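Here is a short briefing on one protein chain. Look at the model first, then work through the points below.

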Amino acid sequence: IAAAQIQSWRSQLPKLIKEFSRIPDHRRTKSVTHKMTVLMMFGLFSFIFRLSSRRQMNRELTGPVIFEHLKKLFPEIDSIPHADSLARVLEKINPQTIEAIHIGLIKDLIRQKKFKKMLIKNCLPITVDGTQKLYRNDLLQNARWCERTIGHAKQNKDDEKDKQQYIYAIEANITLKNGLTIPLMTEYLYRENNQLLQTNDK
């Protein structure tokens with residue numbers, strides 16, 4: 001199933017591979033084992049196959065059988081990196097670089113009229129909405145997460161409410177007639193620009 005699905009995306013991959021190769025690589029040349037293109041393709045696979053953790057990525061994508069099939073589909077891949085290698089590279093890449101590649105791909109699809117049969121009143125609507133991505137109880141080390149208090153005051157803890165940290169984002173999506181939505185752009189809400197703390201308006 002995955003092989004058939006990937007084959008349908010094959011027409012878009014040459015451009016993606018070319019764009020991935022242009023991303024600045026800030027690693028030390030002597031310590032580089034995997035090319036930037038391979039790392040970014042590995043990250044793309046984790047999204048395509050809906051793998052939600054590094055452990056799952058390593059388990060599902062590094063096996064010899066999986067590698068053999070991926071090699072047939074993508075001769076450009078000469079090895080499968082560890083998920084931690086991808087995480088270290090992504091920490092140093094400007095997210096806007098990846099976003100620009102994504103938007104370029106969407107523009108190509110529009111120019112090729114791939115959405116022609118799914119337009120709404122001959123238009124390609126973009127919907128914008130806020131959504132919570134993650135939350136965790138208590139306050140941990142990352143100071144950029146937004147904070148809030150939940151529940152009622154507790155009598156046995158000096159009447160303090162429970163605290164949570166959360167990640168909230170505003171997303172712009174292309175919305176098609178069949179209900180399919182395609183992510184376009186995402187803006188994350190950080191503590192220093194947390195408009196949700198201002199109760200006058202949303």
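Among the elements of the protein chain, helix H1 (residues 2-9) has the lowest mean pLDDT, 64. Helix H7 (residues 95-111) has the highest, 90. pLDDT is the predictor's confidence in each residue, from 0 to 100. This is a predicted model: local features need pLDDT of at least 70, side-chain atom pairs count only at pLDDT 80 or more, and totals for chains, interfaces and linings use all residues. Residues are numbered from 1 along each chain as its sequence is written, and side-chain values use heavy atoms, with hydrogens and water left out.

**Confidence**
- The protein chain averages a pLDDT of 80.
- Of its residues, 82% score at least 70.
- Where pLDDT is low, the predicted coordinates should not be read in detail.

**Layout of the chain**
- The protein chain holds seven helices and four strands.
- Helices (H or I, at least four residues) and strands (E, at least two) are DSSP runs, numbered from the N terminus.
- Along the sequence, the pattern is α-α-α-α-α-α-α-β-β-β-β.
- The chain has 202 residues, and 30% of them count as buried.
- Buried means under 20% relative accessible area, exposed means over 50%, and partly exposed lies in between (1.4 Å probe, protein chains only).

**Two loop residues with positive phi**
- Arg50 has a positive phi of about 60 degrees, although it is not a glycine.
- Arg50 lies in the loop between helix H3 (36-48) and helix H4 (54-61).
- Is Arg50 buried or exposed? Arg50 is exposed, with a relative accessible area of 75%.
- Lys113 is not a glycine, yet it has a positive phi of about 60 degrees.
- The loop between H7 and strand S1 (126-137) contains Lys113.
- Lys113 counts as exposed, at 57% relative accessibility.

- Thr186 lies in strand S4 (residues 181-189).
- Its relative accessible area is 30%, so Thr186 is partly exposed.
- Thr186 and Asn173 are 13 residues apart along the chain, and their C-alpha atoms are separated by 8.9 Å.
- Val32 lies in the loop between helix H2 (13-21) and H3.
- Val32 is partly exposed, because its relative accessible area is 32%.
- Val32 and Ser85 are 53 residues apart along the chain, and their C-alpha atoms are separated by 10.0 Å.

**Charges over rings**
- A charge sits over a ring if NZ of Lys or CZ of Arg is within 6 Å of the ring centre and within 35 degrees of the ring normal.
- The charged end of Arg136 sits over the ring of Trp145, 3.6 Å from the ring centre.
- The charged end of Arg148 sits over the ring of Tyr166, 4.3 Å from the ring centre.

**The largest cavity**
- Rolling a probe the size of a water molecule over the atoms shows where empty space is left.
- A cavity is a set of points, on a 1 Å grid over the protein atoms alone, where a 1.4 Å probe fits but cannot get out; lining residues have an atom within 4 Å of a point.
- The volume of the largest cavity is about 40 Å³.
- A volume is the space filled by probe spheres set on the points, with grid points joined across faces, edges and corners.
- Which residues line the largest cavity? They are Pro24, Asp25, His26, Arg27, Met36, Val89, Lys92 and Ile93.
- This lining divides into four nonpolar, one polar and three charged residues.
- Ala, Val, Leu, Ile, Met, Phe, Trp, Tyr, Cys and Pro count as nonpolar, Asp, Glu, Lys and Arg as charged, and the others, Gly among them, as polar.

Methods
1 Å grid on protein atoms, 1.4 Å probe; cavity = no way out; pocket = protein on both sides within 12 Å on 5 of 7 lines; lining within 4 Å.
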